[in-house]
Amino acid sequence: MNRKKILYVILACILVLALVYPVVFIALESDHDCKGDDCPICFDIYLCCNAVKNLSLAAINIIIACLIVSEIFDGFIYSDTVKIPRSDLVALKVKLSR
């Protein structure tokens, strides 16, 4: 693997951990002893819910953008439908005998 692939794998792992950690925190603290309106755990749960919502929307947008970009590049650059005419001697059917 080259450095870019390793970097992409590390960034993907960080994104997955950033999405999983708040969900685990919410699951573990969902049945805490609430202290009323100024409960710090309820506030943390609220922040985690917002983080999960924002990160999931960002992840979806990144995935959609990557798919669109890959379709554009695959469609225009690497497509088999775009034929570049050959201009070598064989394509021009030049007879090379004397």
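**Reading the model**

Reply: Cysteine 48 sits in helix H2; helices (H or I, at least four residues) and strands (E, at least two) are DSSP runs, numbered from the N terminus. This is a predicted model: local features need pLDDT of at least 70, side-chain atom pairs count only at pLDDT 80 or more, and totals for chains, interfaces and linings use all residues. Residues are numbered from 1 along each chain as its sequence is written, and side-chain values use heavy atoms, with hydrogens and water left out.

Me: Which residues does cysteine 48 contact, leaving aside neighbours within four places in sequence?
Reply: Contact means heavy atoms within 4.5 Å. The C-alpha atoms of cysteine 48 and proline 22 are separated by 5.0 Å, although the two are 26 residues apart along the chain. The contacts of cysteine 48 are Pro22, Phe25 and Ile26.

Me: Where is histidine 32, and which backbone oxygen does its side chain reach?
Reply: Histidine 32 is placed in the loop between H1 and helix H2 (40-76). A polar contact is a pair of N or O atoms within 3.5 Å; within protein, one must be able to donate a hydrogen and the other to accept it, and residues adjacent in sequence count only if both atoms are side-chain atoms. At 2.8 Å, the side chain of histidine 32 reaches the backbone oxygen of glutamate 29.

Me: Is histidine 32 buried or exposed, and what does it touch?
Reply: Its relative accessible area is 18%, so histidine 32 is buried. Not counting residues up to four places away in sequence, histidine 32 touches Cys39, Ile41, Cys42 and Ile45.

Me: What is the class of serine 30, buried or exposed, and which backbone oxygen does its side chain reach?
Reply: Serine 30 also lies in the loop between H1 and H2. Its relative accessibility is 52%, so serine 30 counts as exposed. At 3.3 Å, the side chain of serine 30 reaches the backbone oxygen of alanine 27.

Me: How far apart in space are alanine 18 and leucine 55, C-alpha to C-alpha?
Reply: Alanine 18 belongs to helix H1. It counts as partly exposed because its relative accessibility is 27%. Alanine 18 and leucine 55 are 37 residues apart in sequence, and their C-alpha distance is 7.8 Å.

Me: Why is leucine 11 classed as partly exposed?
Reply: Leucine 11 is found in helix H1 (residues 3-29). The class is partly exposed because its relative accessible area is 47%.

Me: How many helices and strands are in the protein chain, and what share of its residues is buried?
Reply: The protein chain has two helices and zero strands. Of its 98 residues, the buried share is 7%.

Technical notes. Buried < 20%, exposed > 50% of the residue type's maximum accessible area, 1.4 Å probe, protein only.
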